[in-house]
Amino acid sequence: MSDRPDGGRGGAVFGWPPLREELRDVEPYGAPQLPVPVALNVNENPYGPSEAVVRDVADAVARVAGTLNRYPDREFSELRAALADYLGAEAGVSLVPSQIWAANGSNEIMLQLLQAFGGPGRTAISFAPTYSMYPEYARDANTGWVAGRRREDFSFDLDEARRLIGEHAPSVVLLPSPNNPTGTALPHEVIGELCELAPGIVVIDEAYAEFRRDGTPSALELLPHHRNLVVTRTMSKAFALAGARLGYLAASPELTDALRVVRLPYHLSAVTQAVALAALRHREELLGRVADLRAERDRTVDWLVEQGHEVAPSDANFVLFGRFEDRQRVWQGLLDRGVLIRVTGPEGWLRVSVGTPEEMAAFTDALTETTAELGIQPGTETTNQSTTEETR
Ligand SMILES: Cc1ncc(COP(=O)(O)O)c(C=O)c1O
């Protein structure tokens, strides 16, 4: 008799492959990666780095290449200092390196937060429509998941939050601001009240913060007032560095320090640290296109409204618009014309990332042709939002 848990019967007890029960038949994350001329589906920055930045990044990698026989700086001290400096300048706040943590994309940051502050017997909550990956991180960290709802206009409903937080006592509240997929930013009063109400941590995911409109504040300003507040950021969007995988957070030093328990040893490679530091040295240039993208976003919103579409006001680098009785057909019509956008959010809505002026012209042309072909009069189609689910 074998001493394997299945008695040597090759997975007969657990099934094959011997996956965790709750992972059976789950489709892996998969925004389509299609070779299209105009990709406006994953909220990337369309502007690649200049020759000068490419050279500096390559030199930085060449310098560490000779030391790759050694493990990297486990505490990535230089990078934490550089990120504290950047956030301080960007949001007009004062931060010290011990308040900063970084990982391979803000996805990994979120998973680490749930590993440290969620876990069996604990619950994380968010309010839909919200970022579709959160429930998956919660599942992977064996954390219960509860999703409340935003109002019909996607604004935040504090009464609903009071009710749900009272009912579930979540150890983690997770909210993107600006929200993905709606682009809606949270006011300070909401974040402040959530921090007071929540028995655990409140994570404000500011992946798109640099695109916020004038007058929209960053949750970073509230850090001195709430010890349970965590603000996450990423270099994937405004910094045009999605390929490098660098996400980070700012929080109280005690919260930040707790993450050292769950992180994998040396989780941030020497190459990643070198690339991120080089990018931060060139932040003016890399962030230089943010103003252009914000202007292009506002032009896109205006155009969609003029055509008669419903549009969610956006503080991000994407726009949610609709509603369509059959959004899949509209999405397909755009794809047939070489423009890839995203089917996401409540039923009937579509999301387009903001690209270059040429890409947005391709998008508006393709949408005009598609709606004409399908006989859609923008603004006349309705859907029942309350009965629908998020999709990716
Ligand atoms: C709200 C939100 N948070 C986090 C992420 C993850 O970003 P990354 O892991 O590239 O830092 C995304 C990516 O689209 C996002 O939309």
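## Terms and model

On a 1 Å grid over the protein atoms alone, a cavity is a set of points where a 1.4 Å probe fits but cannot get out. A pocket is an open set of such grid points with protein on both sides within 12 Å along at least five of seven lines, and lining residues have an atom within 4 Å of a point.

This is a predicted model, in which local features need pLDDT of at least 70 and side-chain atom pairs count only at pLDDT 80 or more, while totals for chains, interfaces and linings use all residues. Residues are numbered from 1 along each chain as its sequence is written, and side-chain values use heavy atoms, with hydrogens and water left out.

## The ligand and its shell

The ligand has 13 residues around it, and Asn-107, Asp-205, Tyr-208, Thr-234 and Ser-236 come nearest. A residue counts as near if one of its heavy atoms lies within 4 Å of the molecule. The shell consists of four nonpolar, six polar and three charged residues. In this sorting, Asp, Glu, Lys and Arg are charged; Ala, Val, Leu, Ile, Met, Phe, Trp, Tyr, Cys and Pro are nonpolar; the others, Gly among them, are polar.

## The largest pocket

The ligand takes up the space of the largest pocket; the test is that more than half of its atoms lie within 2 Å of the grid points. This pocket holds about 730 Å³ of space. Its lining has 37 residues, with Tyr-29, Val-42, Asn-107, Tyr-131 and Lys-237 closest to the centre. By class, the lining has 17 nonpolar, 13 polar and seven charged residues.

Helix 3 (residues 105-117) gives the most to the ligand shell, with three residues. Helix 3 also gives the most to the pocket lining, with four. A helix here is a DSSP run of H or I with at least four residues, numbered from the N terminus.

## The cavity

One cavity of 30 Å³ or more is counted. The largest cavity has a volume of about 50 Å³, where volume is the space filled by probe spheres set on the points. Its lining has 13 residues, and Ser-177, Pro-178, Glu-206, Pro-217 and Ser-218 lie nearest the centre. Eight of the lining residues are nonpolar, three polar and two charged.

Key. Helix = DSSP H or I, 4+ residues; strand = E, 2+ residues; numbered from the N terminus.
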